[in-house]
Amino acid sequence: MRSRRSSSRSAVRGAGRALALAAALAAGVAAPAAARPPAALPRADERASANRRTPVVIAVEKVRGAVVNVSAEELVRIRVPSQPRGGTMGDLLFGDLFERPRYRKGYATTSLGSGVIVSPDGYVLTNNHVVERGARFRVGLLDGRELMAKVVGTDPSSDLAVLKLDTREKLPYVTTGRSDDLLIGETVIAIGNPFGLAHTVTTGVVSAVHRNFKAGERTMFDFIQTDASINPGNSGGPLLDIDGRLVGVNTAILGDRSAGIGFAIPIDRARRIAEDLIAHGEVREGYLGISVDDLPRKDGSVDGGSGGVRVTGVDPGSPGERAGVRSGDRVEAVDGTPPGSAAELLFRLRDLPIGRAARLDLSRRGARVQATVTAVELTPQRAAELVQQRVGLRVSEERVSGGTLVVVRSVAGRSPAAQAGLQPGDLVREVNSAEVSSVAGFQRAAARARRGGRLVLLVQRGYAAERIAFDFD
């Protein structure tokens, strides 16, 4: 009897619980936890954090509007074959060779680089290699506008160029800092247009200063090295310090892609060159009248190293002669820094602003001598004299129908010009790819060529023409 009553009570209790659950569900009471939908996540904290506004963020916000994209459009003319009048095989083969082309078609190719506005009236600093082949230039601003620009001046030897934007409105610009007090390891910021990705920001540190490196067969001197990511398209963009001041112009990387080794032109040099280009349209070359060469390397020295730098000549009446520099002197230091090679010493002397003095520490027959040399401007007339002294070439002007030509008047025996085969009567058509048709034009072009240390002449004799290069230190 007891077991039946117990079973009956359990059945009643189970039925009661089922009825209670059904009643609860019908009344809208929550189901047990296992049957509930997932709860919503807490709302995001939308309060601004002061920690996010780092010095880098503040610097980028300050200067980003002054960084621009430079598009250089080159007008390329192609020859359109003339239609043969006959239609014979001979006309088809030779008609286009001996007839003047009837049509020429032009189209534009665009190269992209970066630049930075350095004055409120629209002067833009960029690289020479960004604009050197362009016929017209468009500059893109951060707000999406495009402005036309013209080239104010270029300096191929330093790879710098200045553009002027075609606008009357005041523009945002980056203030310049200093590069002579940069600290190894301090944070720097690069902004540019790598691979067409406008206003890309990267950060890094100053890896080295006064860095020399090889670019092809040419050695580049006195650059800032940084590990801030720099890629093709960053050329001409700014390198900034943590306060947003311009300390360098990005110009080169090692290899085809960023490997953490990029180079920037120090702003102290870039600013001086830009001011010369704006004021004069070209960089005024400083002249000291000192020629130097490398001494033989010592046994056990690093390959490619120099055994020292020796003065090989001092021009009469030059600042070097007036300062007491003598042929045969060994140059131990320039303003306290030993030169690594003759090429580096020449670069540093040419980089001396006109009117600025440099202290040379010299060794002469075992004695220490100091000389203070002040750079003077290399005038076109003086440049022509240097061509005669260093290359052995003297030119004159000859009038022909329709204008004048530059003619080789004399060639010094055993000179570089004589060894290259130049002769009196040869025509000089170009100096460093710049056309010349007068002695004055030849002199101006020679003065510009000296800054790069290389004089390249396009010489014509009869119907033949050839480019001949000379060292012009």
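Colleague: Which residues and atoms were counted?

Modeller: This is a predicted model, where local features need pLDDT of at least 70 and side-chain atom pairs count only at pLDDT 80 or more, while totals for chains, interfaces and linings use all residues. Residues are numbered from 1 along each chain as its sequence is written, and side-chain values use heavy atoms, with hydrogens and water left out.

Colleague: Why is Arg-272 called buried?

Modeller: Buried means under 20% relative accessible area, exposed over 50%, and partly exposed in between (1.4 Å probe, protein chains only). Arg-272 has a relative accessible area of 15%, so it is called buried. Of the 473 residues of the protein, 40% count as buried.

Colleague: Where is Arg-272 found, and what does Arg-272 touch?

Modeller: Arg-272 is found in helix H5. Leaving aside residues up to four places away in sequence, Arg-272 touches Asp-351, Pro-353 and Arg-451. Helices (H or I, at least four residues) and strands (E, at least two) are DSSP runs, numbered from the N terminus. The protein has ten helices and 25 strands.

Colleague: What makes a space in the protein a pocket?

Modeller: On a 1 Å grid over the protein atoms alone, a pocket is an open set of points where a 1.4 Å probe fits, with protein on both sides within 12 Å along at least five of seven lines; lining residues have an atom within 4 Å of a point. The largest pocket has a volume of about 1600 Å³, the volume being the space filled by probe spheres set on the points, which are joined across faces, edges and corners. Of its 43 lining residues, the closest to the centre are Ser-157, Arg-218, Arg-451, Gly-452 and Gly-453. Helix H10 gives the most to this lining, with six residues.

Colleague: Which residues lie nearest the centre of the second largest pocket?

Modeller: They are His-210, Asp-222, Asp-335, Arg-348 and Asp-351, out of 26 lining residues. This pocket holds about 750 Å³ of space. Helix H5 is one of the elements that give two or more residues to its lining.

Notes
Contact means heavy atoms within 4.5 Å.
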